[in-house]
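Reader: I have the sequence and the model open. Can you walk me through some of the packing?

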Amino acid sequence: MLFNSFTFVFFFLPIVFGIYFFLNRFRLTLLSKGFLVLSSLFFYSWWNILYLPLIIFSMIFNFSVGRELGRVVGFKSKKLLLTMGVISNLALLGYFKYSDFLISNINFVFDSSVSLLNLTLPLAISFFTFQQIAYLVDSYRGEVNEVDLLNYSLFVTFFPQLIAGPIVHHSEMMPQFVRHRTKVLSSKNVTLGIFVFAIGLFKKVVIADTFAVWASTGFDVADKLYFIEAWITSLSYTFQLYFDFSGYADMAIGIALMFNIRLPINFNSPYKSLDIQQFWRSWHMTLSRFLRDYIYIPLGGNRTSELKTQSNLLITFMLGGVWHGAGWTFIVWGVMHGLALVVHRVWQKGKFRLNKFFAWFVTFNFVNIAWVFFRATSFDDAIKVLRGMFLLEGINLPRVLEERLSHYPFIEFSGFLSQVKGDMATFVWLFVGLFVVTVLPNTEKLRESFKPSVIRLVFIFAILTYAMMSMNKSTEFLYFNF
Amino acid sequence: MTYKKFNQYLAFFLALFLMPNFAIWNLFTSKILPEDGSVAGDLARFSYREDIIQSRMNSRPASNFHTTLTKDISSIDMIVVGDSFSRGRGGGVNRYYQDLLSNKYKLDILNLQMLGGKNNIIENVLLFIQTSEFERLRPKYILLQSVERYAVTRFAREVDWDISINDAKGLNLFESPHDDVVPSQTFINFGNWKFLLYQILYRFDDNAYFSDAYIVDLNEQLFSIGTGRILSFYFEDLKNIEKSTDVSIKNVSDNLNMLSDRLREVGVELIFMPTVDKYNLYANNVVGNNYKKSRFFEMLRETSFDYHFIDTKKILRSALSEGVKDLYFTDDTHWSNIGSEVVIQDFGCLFK
């Protein structure tokens with residue numbers, strides 16, 4: 001089930017919300033929690049019920065391991081148990097997500113022809129696996145110990161964050177369910193939740209889906225891209241990804257808020273960043289946190305030699321790339337960011353400074369170029385876009401300029417913007433996108449400053465109704481493939 | 001304002017928004033996007049005019065069907081390369097003129113989509129005759145069909161006559177083209193509000209200022225829906241008229257003649273069938289017509305033909321003058337089975 005579907009907005013959410021608070025009103029806490037878990041499992045299995053046993057099995061397994069970690073005393077036994085737990089989770093993830101990647105690479109290296117498994121990737125497996133690995137490590141460290149299966153189930157399956165995050169720590173979420181105030185319907189939280197949800201919905205179905213057309217056409221359809229079309233393709237994807245994913249995160253946070261649960265924010269105006277470190281502190285923040293706390297720091301972090309620190313950064317981000325997808329383009333993307341962070345470290349140590357605008361320009365364009373590898377389904381597609389971006393395929397201009405400019409050899413005049421199915425409105429959208437991501441306050445800032453008023457009522461009504469009318473084509477979120 | 005009051009007002013206004021959407025959708029807009037399997041035309045969708053809807057169900061009662069390419073098809077009589085007309089997008093009974101052709105003249109006909117490649121139809125045909133599929137199929141005829149409004153764009157282009165199959169990548173003969181599928185709509189959609197807006201605006205302007213569909217009056221009853229005196233047509237029927245110039249029509253003619261010569265070298269006859277734009281066909285019957293008139297067919301007739309030219313405007317104008325109604329669907333840019341049955345008579349001289 002998608003957040004941006006009528007089934008969710010008009011049926012699932014109101015019904016679950018209503019019954020949950022109804023049960024809590026009569027202090028039927030156990031029942032309300034159980035109902036929330038069952039609703040979340042229903043929400044998950046709406047996609048494909050055949051994979052429901054998988055998430056249930058994963059939950060029970062990790063709960064058992066976590067509980068044992070709380071009981072076991074010896075250091076070695078604990079470490080062994082943790083290792084076994086983490087490896088099991090990664091094995092499950094690896095089986096579904098990386099088997100075919102491994103097989104196709106073995107076939108390539110050894111010239112063999114082992115058949116691919118063609119497994120369907122279970123929805124949200126990357127997210128609930130990482131969330132539970134974080135839980136196991138926290139249990140090992142003694143930071144958390146959940147002894148109640150129902151609570152643990154709720155932690156894993158709570159539907160606002162189940163499918164695509166934010167990746168939540170147990171200690172962030174579960175204490176909120178215990179508090180009495182959480183169980184009482186709050187008009188303020190409902191208002192703020194709707195506000196944040198409406199912004200997220202608008203970002204997804206209006207803005208992201210508009211950019212998706214140009215991005216998809218440029219990456220997947222065109223066999224070559226001229227300069228302007230290549231930049232439209234890459235920038236469209238840069239904006240599509242941000243508005244799609246941050247829109248989803250807003251919706252998740254907004255829905256959770258309606259239930260009086262505060263989820264951690266996942267985006268803090270990343271495209272305003274002046275350096276790559278700042279970017280990773282504001283993009284997919286809960287994943288960055290996971291990578292930092294469970295990979296980078298255990299590897300030694302920056303408390304080791306400079307060379308080791310740099311290699312820790314590279315390894316962490318390479319693994320980050322691998323997490324995003326089973327493909328070499330994802331690994332290249334991860335390595336690019338790892339290298340950028342290494343360069344940033346050296347830059348910082350050298351105490352170099354850049355003009356603010358230039359710093360932003362370099363950061364934004366690096367991120368934009370790196371997204372080309374992230375999005376492309378093959379290196380050929382990535383090279384196609386990059387060749388266009390760096391003028392290797394020439395420029396295509398409108399026919400009205402042909403008379404004046406036809407003597408230049410690298411300029412063509414055939415179907416301006418047709419390669420990306422664009423028109424003059426495309427430039428307007430790109431400008432608006434850039435303005436929104438670099439100038440306007442983000443959703444969290446808007447939420448913090450929210451006060452009920454007529455203007456805000458009109459605003460929410462306008463974006464909610466516009467988004468609902470735009471919702472008819474139910475498009476999946478980009479991060480559903482993770 | 002308290003948060004509680006805010007929520008109450010929001011719920012109230014949302015309910016106020018949802019109710020008219022529900023009403024308009026169920027009473028009017030849903031007819032333009034029927035979900036009972038019937039077809040409503042593209043012009044009805046553009047104009048939100050449910051009064052021009054000519055509801056029809058798709059069926060293929062003709063006993064001989066045309067086919068699409070599979071790996072086990074051997075020789076074929078005719079290959080058709082065309083656009084939405086050749087993909088039966090008008091809908092209704094016998095929506096494929098190829099079926100009618102196949103039935104009447106006992107021909108094995110293959111509808112072939114040449115996608116990708118050079119995105120130039122003539123170059124794609126030149127590539128096709130270099131493929132193993134061509135060797136297997138060995139058609140006697142290749143029929144190029146194109147709507148009139150795009151014919152100049154498609155056939156007046158520069159052609160690389162020496163194009164080699166080794167140079168071109170991605171010529172895809174087996175993939176079906178992605179036709180725009182009308183998405184399933186829920187009752188909350190922009191269409192409801194466009195419906196209301198257009199009901200007003202069509203009273204003041206032939207295309208309601210913003211619509212892709214023009215709605216004008218006819219001087220006689222040429223359709224069987226409503227008064228039969230309403231003509232709807234696509235805005236590009238007018239927009240592309242100026243593309244027919246002496247130079248562009250000559251280029252079309254030269255290219256098609258050259259292609260015909262090249263096809264004859266491999267034993268294939270070329271048939272070119274531009275399907276007359278709906279506006280062009282009925283232009284003489286439009287009341288107080290101040291719009292430009294197309295001269296595409298008139299100019300093309302004056303050129304020389306090394307290929308077989310199916311003059312759909314001449315054929316259909318003749319039928320109109322004999323009082324034949326519904327040659328095109330009232331609500332669609334495509335001709336009806338009545339129109340296509342009239343047109344295929346003209347193939348008789350070819351296949352006697």
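Author: One term to begin with: contact means heavy atoms within 4.5 Å. Among contacts in chain B between residues at least 6 apart in sequence, 75% join residues at least 24 apart.

Reader: What are the ground rules here?

Author: This is a predicted model, where local features need pLDDT of at least 70, side-chain atom pairs count only at pLDDT 80 or more, and totals for chains, interfaces and linings use all residues. Residues are numbered from 1 along each chain as its sequence is written, chains are lettered from A and ligands numbered from 1 in the order in which they are written, and side-chain values use heavy atoms, with hydrogens and water left out.

Reader: How many helices and strands does chain B have?

Author: Chain B has 14 helices and 12 strands. Both are DSSP runs numbered from the N terminus, helices being H or I with at least four residues and strands E with at least two. The C-alpha trace of chain B spans about 80 × 45 × 40 Å along its principal axes.

Reader: What percentage of the residues of chain B count as buried?

Author: Of its 352 residues, 54%. Buried means under 20% relative accessible area, exposed over 50%, and partly exposed in between, using a 1.4 Å probe and protein chains only.

Reader: B:D83, then. Buried or exposed?

Author: B:D83 counts as buried, because its relative accessibility is 8%. B:D83 sits in the loop between β4 (78-81) and α3 (97-105) of chain B.

Reader: What does the side chain of B:D83 make a polar contact with?

Author: With the side chain of B:Q145, at 2.7 Å. The side chain of B:D83 also reaches the backbone nitrogen of B:V147 at 2.8 Å. A polar contact is a pair of N or O atoms within 3.5 Å; within protein, one must be able to donate a hydrogen and the other to accept it, and residues adjacent in sequence count only if both atoms are side-chain atoms. Leaving aside neighbours within four places in sequence, B:D83 is in contact with B:Q145, B:S146, B:V147 and B:R154.

Reader: Switching to helix pairs. At what angle do α4 and α9 of chain B pack?

Author: At about 5 degrees, with the axes of α4 (residues 121-128) and α9 (residues 246-265) 11 Å apart. Axes are lines fitted to C-alpha atoms, for helices over the stretch in contact, and angles run from 0 to 180 degrees between N-to-C directions. α4(B) and α9(B) are therefore roughly parallel to each other. Angles under 35 degrees count as roughly parallel, over 145 as roughly antiparallel, 65 to 115 as roughly perpendicular and the rest as oblique.

Reader: Which residues meet there?

Author: B:I122, B:V125 and B:L126 from α4(B) meet B:N255, B:L259, B:R262 and B:L263 from α9(B).

Reader: And in chain A, at what angle do α10 and α15 pack?

Author: Helices α10 (residues 227-258) and α15 (residues 356-375) of chain A pack at about 90 degrees, with their axes 9 Å apart. That makes α10(A) roughly perpendicular to α15(A).

Reader: Where is A:F128 found?

Author: In helix α5 (residues 125-140) of chain A. A:F128 is buried, with a relative accessible area of 2%. Not counting residues up to four places away in sequence, A:F128 touches A:Y44, A:I55, A:S58, A:L123 and A:V156.

Reader: Last one: what covers the buried residues of α20(A)?

Author: The cover includes α1 (6-25) and α9 (187-221) of chain A, together with α1 (3-32) and α7 (190-201) of chain B. Among the buried residues of α20(A) are A:L457, A:I460 and A:M468.
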